[in-house]
Amino acid sequence: MYVLGFGSTIRPFAARSGLMLLVVAIVAPATCGWAAAPNSPPQPTVVEYVVDPVWPQRPAELGPRAAVPGVAVDKQDRVWCVERGEVPVQVYSAEGPLIRSWGRGQFGAPHSLRFDSQGNVWISDFKRHVVQKFTPDGDLLQTLGVPDQAGEDETHFNMPTDMAITPAGDVFVSDGYGNRRVVHFDAQGKFVKAWGEYGGGPGEFCLPHQIVVDSRGVLYVADRNSGRIQLFDQGGKFLEQWTNLIMPWGLWISCQDELWVCGSSPQWWRKDGGYPPPKDQIFMRFSTDGKLRQLWTVPTGADGQEQPGDCNWLHAVALDSQGNLYAGDINGKRLQKFVRTATAKE
């Protein structure tokens, strides 16, 4: 594995722009139509990510802030998140105002949010053991799994964590907290197959935490507790694994098949009878051949004392068309925007 980028932690400080500096990294040329800076010099350029401390403009009527385990950006660059609070589903514009919200009383413990090719919204709920499809306005269209019943067969999940939906409508569920498998359904919701069991070998899982699919149909599974990302074809055939790089919590696949991963440095998940907090908070960008193309870090915040730009149990990452990143965390109880700006290397 060749590391082609680097990152360093810089404590945020106030800037005239109103944003706050986090990190500098050397990266490859911009993709996905990201706007280049005027009069940009020849590559490489320096890319700065700065946190917008006033984004989003979360209304008080949504209730107290809560953990944000899932975030996604739709084709209109609207930012969606699931929050374990009074109003779980929240949608914000790239500028920050709330566009819509829904889901009050509908979920037990939402975990991830994804879109299908038709713009429908999929949400995993590990407490209720279901994966559900909604319209953008929150109307329930389909439920996979039996609500409030755990199991390990063709119709039941045991605390599912995430889902990847192909353009053809096939759904791949990481059935991860209770079971240790990936479950495949066709576009009509019919069970196709399942694979995986508890273990550290190829095709086995310690905790399949998130799953995405690229334009070739390759599935990427964040096996969080074993500190690796496993790749499969849609028949469940193991292709390869990337190990000893990161404890992968969140995954996002860009329109250019760049895999963004968030999490922390590899560490024992359980030690001395407890769960050690992450020693750092990391974002990584991989190409589909497994090469690390970019790495940067943010400060690890302390419970209840997080500053803008800190992350505390970083859980989810998503990217908009301008290359800006959005992150949701658990103990920090917030959704944050990190703005991408390209400048000349001096």
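Where is the place of Gly-203? Select Gly-203: the place to look is the loop between β14 (191-195) and β15. Strands are DSSP runs of E with at least two residues, helices are runs of H or I with at least four residues, and both are numbered from the N terminus.

Before going on, note that this is a predicted model, in which local features need pLDDT of at least 70, side-chain atom pairs count only at pLDDT 80 or more, and totals for chains, interfaces and linings use all residues. Residues are numbered from 1 along each chain as its sequence is written, and side-chain values use heavy atoms, with hydrogens and water left out.

**Stop 1: Gly-203**

Stay on Gly-203. Is it buried or exposed? Gly-203 counts as buried because its relative accessibility is 16%. Buried means under 20% relative accessible area, exposed means over 50%, and partly exposed lies in between (1.4 Å probe, protein chains only). Now show its contacts, meaning heavy atoms within 4.5 Å. Leaving aside neighbours within four places in sequence, Gly-203 is in contact with Gly-196, Glu-197, Gln-230, Phe-232 and Phe-238. Gly-203 and Leu-239 are 36 residues apart in sequence, and their C-alpha atoms are 8.9 Å apart in space.

**Stop 2: the whole protein**

Zoom out and colour by secondary structure. There are 25 strands and zero helices. Of the 346 residues, 58% are buried. Take the contacts with a separation of 6 or more: 47% of them join residues 24 or more positions apart.

**Stop 3: the largest pocket**

Rolling a probe the size of a water molecule over the atoms shows where empty space is left. A pocket is found on a 1 Å grid over the protein atoms alone: it is an open set of points where a 1.4 Å probe fits, with protein on both sides within 12 Å along at least five of seven lines, and lining residues have an atom within 4 Å of a point. The largest pocket has a volume of about 990 Å³. That volume is the space filled by probe spheres set on the points, which are joined across faces, edges and corners.

Which residues lie nearest its centre? Select Val-73, Lys-75, Phe-115, Trp-252 and Ile-253, which lie nearest the centre among the 36 lining residues. Then show β7 (110-115), β11, β15 (208-213) and β19, each of which supplies at least two residues of the lining.

**Stop 4: salt bridges**

A salt bridge is a side-chain nitrogen of Lys or Arg within 4 Å of a carboxyl oxygen of Asp or Glu. How many salt bridges does the structure hold? It holds eleven. Visit these:

- Asp-74 and Arg-78 meet at 2.7 Å, N to O. Asp-74 counts as buried at 11% relative accessibility, while Arg-78 counts as partly exposed at 25%.
- Arg-228 and Asp-223 meet at 3.1 Å, N to O. Arg-228 is buried at 3% relative accessibility, and Asp-223 is buried at 0%.
- Arg-181 and Asp-175 have their closest N and O atoms 2.9 Å apart. Both residues are buried.

**Stop 5: His-156**

His-156 lies in the loop between β10 and β11. It counts as buried, because its relative accessibility is 15%. Its side chain makes a polar contact of 3.0 Å with the side chain of Thr-155. A polar contact is a pair of N or O atoms within 3.5 Å; within protein, one must be able to donate a hydrogen and the other to accept it, and residues adjacent in sequence count only if both atoms are side-chain atoms.

**Stop 6: Asp-257**

Select Asp-257, in the loop between β19 (247-253) and β20 (259-264). Asp-257 is buried yet has no salt bridge. The nearest side chain of opposite charge is Arg-216, 4.9 Å away. For charge, Lys and Arg count as positive and Asp and Glu as negative; His and the chain ends are not counted. A polar contact of 2.5 Å joins the side chains of Asp-257 and Ser-215.

**Stop 7: backbone**

Most residues other than glycine have a negative phi, and most peptide bonds are trans. Select Asn-244, with a positive phi of about 60°. Asn-244 is exposed, with a relative accessible area of 67%. Finish at Trp-55 and Pro-56, where the peptide bond is cis, with omega near -10°.
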